[in-house]
Amino acid sequence: MAEIIDISDDDVVIEEDPKKKGTNTTAGSNKRAFRCLNSDCRAEEKLIKAEEYVRRYFGVLPYPKKKRVCESCLSEAQQQQDSLVDCLTSGRLLLAEKIPPPKTTVVLTDSDSDPSDDEVESSGLESEYVFEEEEDGFSLEETILALTKELGLYRQVKEGAKHLEDELLKIQESFSNLESEYSKTETSLDNVRKDFYNTFRLEIMWQNALDIGPSSTLTQQDGSGEVIAESSVVVPNENLPPVGPLQRWELAPNEMVYAMKYSLFARWVQAQIIEVETRKPNNTAYRIRYNRNAKGAGLPRIIPGRQLAYYEPCATRIPVGTRIIAKYKDDDPKNTTISGSFYVGIVAEIPTVANKYRYLIFFDDGYAQYVHHADIRVVAESSACSWEDVSSDSREFIKEYLQMYPERPMVRLQKWNYVKTEWNGRWWRAQVKEVDGSLVKMFFPPLEGRCEWIYRGSTRLSPLFHKKMNIQAQAEQPVRAIRRRTAALPSRAVVEYGTFGQDQDLDTATPAVPTPSAEVPGQPRSVARKSTSRPSRPGTPPKEVLLKVEQESRGFTNQHSFQDKVVKFATHLCTSQCLGAGDSMKKYKGLSPLLQPLLFGWRRQFVKICRKTVNRYEIYYTAPCGRRLGSIEDVFKYLLMTESNLEVDCFSFELSVMVTHEWEPFKKIVDIEDFSKGEENVPISCVNSLEEVLPQELRYCNVRIPTEDVPLDLDPDFLVCCDCTDECRDKSKCECWQQTIANTKILERQENQSAGYTYRRLFEQVQSGIYECNTKCKCSNHCLNKVVQHPLRLKLQLFKTARRGWGVRTLHDVPRGGFICVYVGRMLNEAIANEEGKIMGGDDYYAELDYIEVMERAKEGYEDEAVNIEEDTLYQADLNDQGGSESNDSDSLFSENDTDNTKEDTDFSHPSCIRRSGGVAKREKSARLQERAAKRSRSSSQQKKEDSSRSNSDDDLAKSKKSKNKGKKEDDSKKEDKEGDKESSDKDDKEGKKESKEKDEDEAEEEDEDDEKQRQPQPFVPRQLMEANTALAKRPKSIRDYFGTDEAVYIMDAKHTGNIGRFLNHSCEPNVFVQNVFVDTHDLRFPWIAFFAISNIKAGTELTWDYSYDVGSVAGKIKYCYCGARKCRGRLL
C-alpha cells in the first residue's frame, strides 16, 4: 500500500548567510532539520546516511533526497537484510519465507523543491560502482556466474517455479470450495425468500390464452406455474380480431351482400341473394336484386361469387393476398361520392406495429390506402391465384408483389424530399408531404396543389422505375454475371429491400401462392427466382455468430510518442537548410504518411483560439525551423520554398484525425506480415482472429492486366498534357485540370471550377471523371493533380470477418477525401466475362467500367427535367378542356336489357384507357344512362304538350256546353257539376301519382349515376414501363456504338488476379466512394477505379463501398446484405 506524505522537502536546508548574521531572523525561519526517510518515524536526531538496501526497504529509492535514516530504522532494515542473506546462504527457498510486503512511499513535491541538476548528478556519482578486476584475472561475467553457482540461484528459480505452481493449485482448490459454499448459501437464501413470499402469493387461475400481439404468445412452463410473455409487447387495436384461418361460406337465399353493379372500378352496393343459380367450385352463380330503390331496380341479375362480398366483417384477421372490398376515404371532405364507398382490391399488408395495426389495401384502379379491419369485407369467392381476379392494369404488379412477399423493394423517403413521380403519363418533380408506413403522400406543385398517396414500392417513383428499366434492358442478354457498379449515380432516394415488419407472423401473412411447375416459355433466361415460394431470409444470427462479429473488431490503439523539441522561431527566409538532416520519405517506408512529418522534426499542435463569444480548437503545424503554419495552403508553399521531399497529402488539419494512433488486433490466430509479397510500396498485413483459415491464393498485382480482346492503347502521344511549372496550383493554366472542369458542364449545366482535387483530397465524387496529369506533363511528382497514379501509402490490413468473408481495415486514421487504393485485375470484354462467370464462377469480383453508361443515363435524366414551355402550356390547356374529369373506362358494363350470362361475367379484363396526348379521354356515359336521359327529356316535352292541349280542350268544352245547355233545368246543371268535380279529382290523383313516380325514377337514376362514377385510375406501373420495349427501341445511339458494332461494357475481374482493393466489402452506408480517373489513357472505355474516403475514418475501421448491384439482374441468384448499417437496404441481389 502506498504511503502519501506531505509536500515539505525534508532535505532542503536554507543555511544562514554569515554576511547577514546580524539581521533579525530566527533559526526556524531559515533552517529546517533533516528527518528520517521512514515516513512512520520522522526522527530528526542521530541520522545516518542510508545505504541503497535501506532506501529500497522503506520505498524511497526513486527519491534521491531521501538518504538519511535513524538508528532504529536502520536496525530494522539491517535485520531484514540479514534474514534474507541467511536464507540464501543456507539454501532455503526464498519464496517459502514469510517476508513482510515492501513499503511504497509517494512524495508529493512542487517544482520549487525539485532537486537541481547538480544535486542529481552528484547523487548519481555516489551510487556508481566501478568494478575492478581481481588479481586472479576473473572478469565480471565470470564472477557473476561463480556467485550464481555458489548461492544456488538456479535451484532457487527451479524450486521457486514449482512452489508457485503448488501455491496456485491450492488457491484454485480453495476458490472452488468457496464457490461451492457460495452456491449453497445462495440456494438456501433463495429458498428462504421463496418460503417467505409464498405465504403472500396469489393463486393463479389459468384461463384461455390472450392474443396480445401478432408475434406474442402466452406460455406456461412445466411445473413452474408462471405466465411468461414476450418482452416489449404492444397491445393492438381493440377492434382487431384474433388470428385464425380465413373461412368462406356459401351464400344462402335472402342473405345480404355487397355486389359489383357496373365495373371493377365503380363502387360496390348492397344487394340481396334471391337464389343460387348454379353451384360450382369457385364459380357459383347467384341471382340477386339490388336493395337500393328496389322498385326501380329492374329485373334480378345473375352474378358470379367473385363479384359478391360478405355483408359482415371477417371474424378473423385477413391474410395477405385475399380478395376484398374496402372503404376508401378521400382526403377531400367535399368528395362524398367516392369517400366512404366500398371498392374492390386486395390485402397487401397485415396489421402490425409498423403500420399501426391497419391493413394496406391495393385497389384495382391503382389507389393504395391503409384501412381498419371494420371497413373491410371479404369477397365470397376467389381464384386459386388471387391476382387473376384483379384488373389487367394492376395484375402484373400485384402478382409480382405477392410472389416476393414479405420481402419487397421500397423507396426510402423522408419529409420534404423531392423525387420525380409519374402522373398521367408524365414525370413531375414532386415533394414528399408525409410518410405513413409503406405509403407516401406526394405533392405536385405544377398541378395546382395536387396530392396523392402512393405506395413506396410503386414504379411510379423514379428510383424504382429506373431499376425496373435496367432489369428489363439486361433481360435481353442471354447470360449475365454479377457486376459491381463503379460509378453509381448518387441519389437521395434509396431503394431498400426488406420485410418492413411483415415477418412477425408469417403463418398469417403468407399469401397462398402456387409454385409453377416450369419456367415461362419465351424468356431468354430464367426469372430472378426459380420458385415463387418465399425463401427463408436469414434473421437474427445465432449467438455464436454475434460473438464472432464482436471479436473481429476487437483491438487496441498504440500511440507513437516523439521528443517534443521546442525551437524558438527567429525571423528568416525559409530555404532547404530549414529542413535540417533532410526528409526523404523512403526512410520510413512502412509508416503512415501522416506520421512522417513528425519523424522529420515537424510538430502538430492543437491550439485553443479564445474569442469573446466563442472558443474553438485549430490545428497548427510547426516546421523544423520553428515557423508555424495554420493552413494546408501555407504548408504547400513552405514545401515548395524548402524543396522538401514531403508531399502535401502527408498533412491533415482535421481535428478528429489522430496521426499518431495505430490500431492492432488483440488476437491473431493467423498472422501474415505482407500479403502483397513485396508488390506494394507498403506491406499489407493479414490476420485472422476467428479461426485458422488463410485467404484464397491470389496473384497479386498493382496494375491492370488487359486480355487479348481488350483494345487498351497506352500510347502517351494520344494524351492531353500540360506545361505547368508551379505543380499545377493554377487550375486555369493546367490543360489537364481544364479538361476535368469542362466535362462537368455536361451534367451540371455549367462548369464547376472547383471540380477535382483540393490539395490531393477529393471531397465529393466527380461523375464526369477526373483527368490527372500524366507522363507527358512537365509537372513533377509533387503535382496537385497526381494522386491515383502514386503507389499505395496507407497502412492497410486484410482480416477475416464473421459473415462477409475477408475485409480490409485501416490501421491509422484516414482524413476525409484521402486516396486509399485502386481496384485492378484482369480486363475482360463482356462476352468472355459472362462465359467465365457462368463456367468458372467468381463473378462476385467483377467490376464494370461503365463510365459511358452512367454519363448517358445522367444526361437522360437532365433532359427529362428540362420542360418545354409551349408544350407545358398546351398540356395544361388540354387538362382544362377535360374539365377535371375523374372517370375512366370500366372493365364491364351491365344493362337491364342484357341477357344474364355467367360465363361472360367471369371475364374481368378491362380495356386500356382511351388516352389523348397529355391526358385521359373523358369517359362517356353508358348506353343505358343515355337512353334514360333521352327518355326523361322526351317525357318532359310530352308533358308540356299535354298540359297545353288539355287547357285548350277544356275551354272549348266549356263554351259548347254553355251554348247547348242554356235552357236545361237546374238539377241537371247540379248533376253535371258533381260529375265534373269527381272527374277533376280523379285526374289530379293520377297526375300526382305520375309525378311521384317520375321523381322516384329521377332519384334512382341519380343514384345509379353515382354508383357508376369511377375514380380516375392511377395504375401502379407507369405507362413508360408498359411500353418498355418500344422505349428501348427508340433509345438514341450510344457513344460506345461508335467504337464498333459489338462494343459492350468492359469488366475488371479480380477473382484470381488483383490487389487489396478486391477485398473491400459492401455497405449500404459506406465510408469509401468510387471515382473514375483517367491517367494513362483518355479512352472513355478504360478509366481507373479509385477509392476515396467519404469522411474521417478512425484507425481499426473497416473500409467499405457501395457495390450498387441491380437487384434481380442475375437470374436465380439472391444475395442478402449483412453490412449491419442503420439504413441497410436488405439485399444485394
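Residues are classed here as buried under 20% relative accessible area, exposed over 50%, and partly exposed in between, with a 1.4 Å probe and protein chains only. The legends describe a predicted model, in which local features need pLDDT of at least 70, side-chain atom pairs count only at pLDDT 80 or more, and totals for chains, interfaces and linings use all residues. Residues are numbered from 1 along each chain as its sequence is written, and side-chain values use heavy atoms, with hydrogens and water left out.

**View 1. Positive phi at K356.** K356 is not a glycine, yet its phi is positive, at about 60 degrees. The residue belongs to the loop between β13 (341–349) and β14 (359–363); helices (H or I, at least four residues) and strands (E, at least two) are DSSP runs, numbered from the N terminus. With a relative accessible area of 59%, K356 is exposed.

**View 2. Positive phi at W416.** W416 likewise is not a glycine and has a positive phi, of about 80 degrees. The loop between β17 and β18 (418–423) contains W416. The relative accessible area of W416 is 48%, so this residue is classed as partly exposed.

**View 3. The cis peptide bond between Y405 and P406.** Y405 and P406 are joined by a cis peptide bond, for which omega is about 5 degrees. P406 is situated in the loop between α7 (392–404) and β17 (408–412).

**View 4. Pairing of β17 with β23.** Strands β17 and β23 run antiparallel and are joined by five bridges; two strands pair if DSSP finds at least two bridges between them. Within this pairing, R412 stands opposite V494 in β23. Strand β23 (residues 494–498) is largely enclosed by the rest of the structure, because four of its five residues are buried.

**View 5. The salt bridge between E691 and K800.** A salt bridge is a side-chain nitrogen of Lys or Arg within 4 Å of a carboxyl oxygen of Asp or Glu, and by this rule the count comes to 42 salt bridges. In one of them, E691 is bridged to K800, with the closest N and O atoms 3.8 Å apart. This pair links distant parts of the chain, 109 residues apart: E691 is in the loop between β30 (685–688) and β31 (699–700), and K800 is in strand β34 (residues 796–800). E691 is partly exposed, at a relative accessible area of 32%, whereas K800 is buried, at 14%.

**View 6. The salt bridge between K1098 and D813.** The closest N and O atoms of the salt bridge between K1098 and D813 are 4.0 Å apart. K1098 lies in the loop between β44 (1088–1093) and β45 (1104–1105), and D813 in the loop between β35 (806–810) and β36 (819–822), so the pair ties together parts that are 285 residues apart in sequence. K1098 is partly exposed, with a relative accessibility of 41%; D813 is buried, with a relative accessibility of 4%.

**View 7. The salt bridge between D730 and K733.** D730 and K733 form a salt bridge in which the closest N and O atoms are 3.9 Å apart. D730 has a relative accessible area of 27% and is therefore partly exposed, while K733, at 59%, is exposed.

**View 8. A network of salt bridges.** Salt bridges link E422, R450, E452 and R460 in a network.
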